[in-house]
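Reader: I have a new model open and would like to learn how to read it. Please take me through its features in turn.

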Amino acid sequence: PDFLDGFWASNRGSLSKASPAINLSEDIFAGFNVLMRGESSKHVDVLAWEKGRESSFNAAALFYTKVSKGNVGVMRSRDLKIITQNLNIADNFAFYFASVGFYLNNVLIDASAQIYVFVFILLVLCSKSLEDLGSLDSMLATEWTLSLGTIAMFPRFLELILEYGPLEGLLRFVPSIPGCVTMFTFINKSIASGVWETMLTGEASYIATGRPNANTHYSWKECYFIHCTSHYYPALVIFLSYATYYLVSLDHGFTVLPMQVLLASTSMWIIAPILFCPQPTLKSLGRDLNEF
């Protein structure tokens, strides 16, 4: 939990912003309050023995969703407006990406995945083939090879270099690439879904992660109930959209773009919780399958 000096806070606007129904990020708003008043705040991290952390995969995904919902409260706050009005352009750019820009970037990339498939459906219905797009030197005529999950793992690479040095950092990073791509692709979808849902509803609801142990097994049914709206249903929409594009292209006699990166990323939305589920045994897998 975040500890604030009660006497200090009561003389600086009190704790009216620390509401689970309005603003989740009470620590962020406390920092905004200090910055707007021209003061400084000492940040102290205390390591508590056996203190729970969001180390389980589902808990981590829910934590990112909760933080993303709280960031929408930051976007619509008066505090953000006042701070940006008093910063220069260079600091504003840095502050933008460190506050709301990262979350909006995830939303735009997530929306582009569905728009990407819909655009190809419309092109085929307009009798435009990949050869027509290639003659225009359009980037849509070729497969896209990068995804947000690929880009998001580079901060971990830089962290390993700073901690262990270039050579050992590289040796530690390369084996973790498949896991990093899978995890960050799933987490980025959690962020985008949290921001988008809060934008539509206007409610930044608190999510209790429970902070379970990292080695506690969870069932497939639990994964479905947690991620069906944010991950599974959007993945099915993209799969059905691609199937529509594939069938319509064959009907018109056009070459079909594989969209391997998009389909692989979408598949990670479904299988990532199962891949990262701890203690998988034949007995637990059979029980999970029967419950599901």
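**Reading the model**

Author: Buried residues (under 20% relative accessible area; exposed is over 50%, partly exposed in between; 1.4 Å probe, protein chains only) make up 38% of the 292 residues in the chain. This is a predicted model: local features need pLDDT of at least 70, side-chain atom pairs count only at pLDDT 80 or more, and totals for chains, interfaces and linings use all residues. Residues are numbered from 1 along each chain as its sequence is written, and side-chain values use heavy atoms, with hydrogens and water left out.

Reader: How many helices and strands does the chain have?

Author: The chain has 13 helices and zero strands. Helices (H or I, at least four residues) and strands (E, at least two) are DSSP runs, numbered from the N terminus.

Reader: What share of the contacts joins residues at least 24 apart?

Author: Contact means heavy atoms within 4.5 Å. Take the contacts between residues at least 6 apart in sequence: 81% of them join residues at least 24 apart.

Reader: Which residues is Phe57 in contact with, leaving aside its neighbours within four places in sequence?

Author: They are Met183, Phe186, Tyr218, Ala272, Pro273 and Phe276. Phe57 lies in helix H3 (residues 57-75). Its relative accessible area is 7%, so Phe57 counts as buried. Phe57 and Phe276 are 219 residues apart in sequence, yet 6.5 Å apart in space, C-alpha to C-alpha.

Reader: Where is Arg76 found?

Author: Arg76 is in the loop between H3 and H4. Arg76 has a relative accessible area of 43%, so this residue is partly exposed. Its C-alpha atom is separated by 9.7 Å from that of Gly202, 126 residues apart along the chain.

Reader: Is Ala9 buried or exposed?

Author: Ala9 counts as buried because its relative accessibility is 5%. Ala9 belongs to helix H1 (residues 6-10).

Reader: Now helix packing. At what angle do helix H2 and helix H4 pack?

Author: Two packed helices are described by the angle between their axes and the distance between the axes. Axes are lines fitted to C-alpha atoms, for helices over the stretch in contact, and angles run from 0 to 180 degrees between N-to-C directions. Here, helix H2 (residues 26-36) and helix H4 (residues 78-85) pack at about 40°, with axes 10 Å apart. H2 passes H4 in a left-handed crossing. That term applies if the near helix is turned anticlockwise from the far one by less than a right angle; clockwise is right-handed.

Reader: Which residues meet there?

Author: From H2 come Phe29, Phe32, Leu35 and Met36; from H4 come Asp79, Ile82 and Ile83. By class, this contact has six nonpolar, no polar and one charged residues. Ala, Val, Leu, Ile, Met, Phe, Trp, Tyr, Cys and Pro count as nonpolar, Asp, Glu, Lys and Arg as charged, and the others, Gly among them, as polar.

Reader: How many cavities of 30 Å³ or more does a search of the whole structure find?

Author: Rolling a probe the size of a water molecule over the atoms shows where empty space is left. On a 1 Å grid over the protein atoms alone, a cavity is a set of points where a 1.4 Å probe fits but cannot get out; lining residues have an atom within 4 Å of a point. The search finds two cavities of 30 Å³ or more. The second largest cavity holds about 40 Å³ of space. Grid points are joined across faces, edges and corners, and a volume is the space filled by probe spheres set on the points.

Reader: Which helix gives the largest share of the lining of the second largest cavity?

Author: H5 does, with three residues. Helix H5 (89-125) and helix H6 (130-135) each supply at least two. The lining includes Phe120, Lys128, Tyr245 and Phe254. By class, the lining has seven nonpolar, two polar and one charged residues.

Reader: Last, backbone angles. What is phi of Ser127?

Author: Most residues other than glycine have a negative phi. Phi of Ser127 is near 65°, a positive value. Ser127 sits in the loop between H5 and H6. Met259 also has a positive phi, about 55°, although it is not a glycine. Met259 is in the loop between helix H11 (220-252) and helix H12 (260-275). With a relative accessible area of 1%, Met259 is buried, whereas Ser127, at 43%, is partly exposed.

Methods
1 Å grid on protein atoms, 1.4 Å probe; cavity = no way out; pocket = protein on both sides within 12 Å on 5 of 7 lines; lining within 4 Å.
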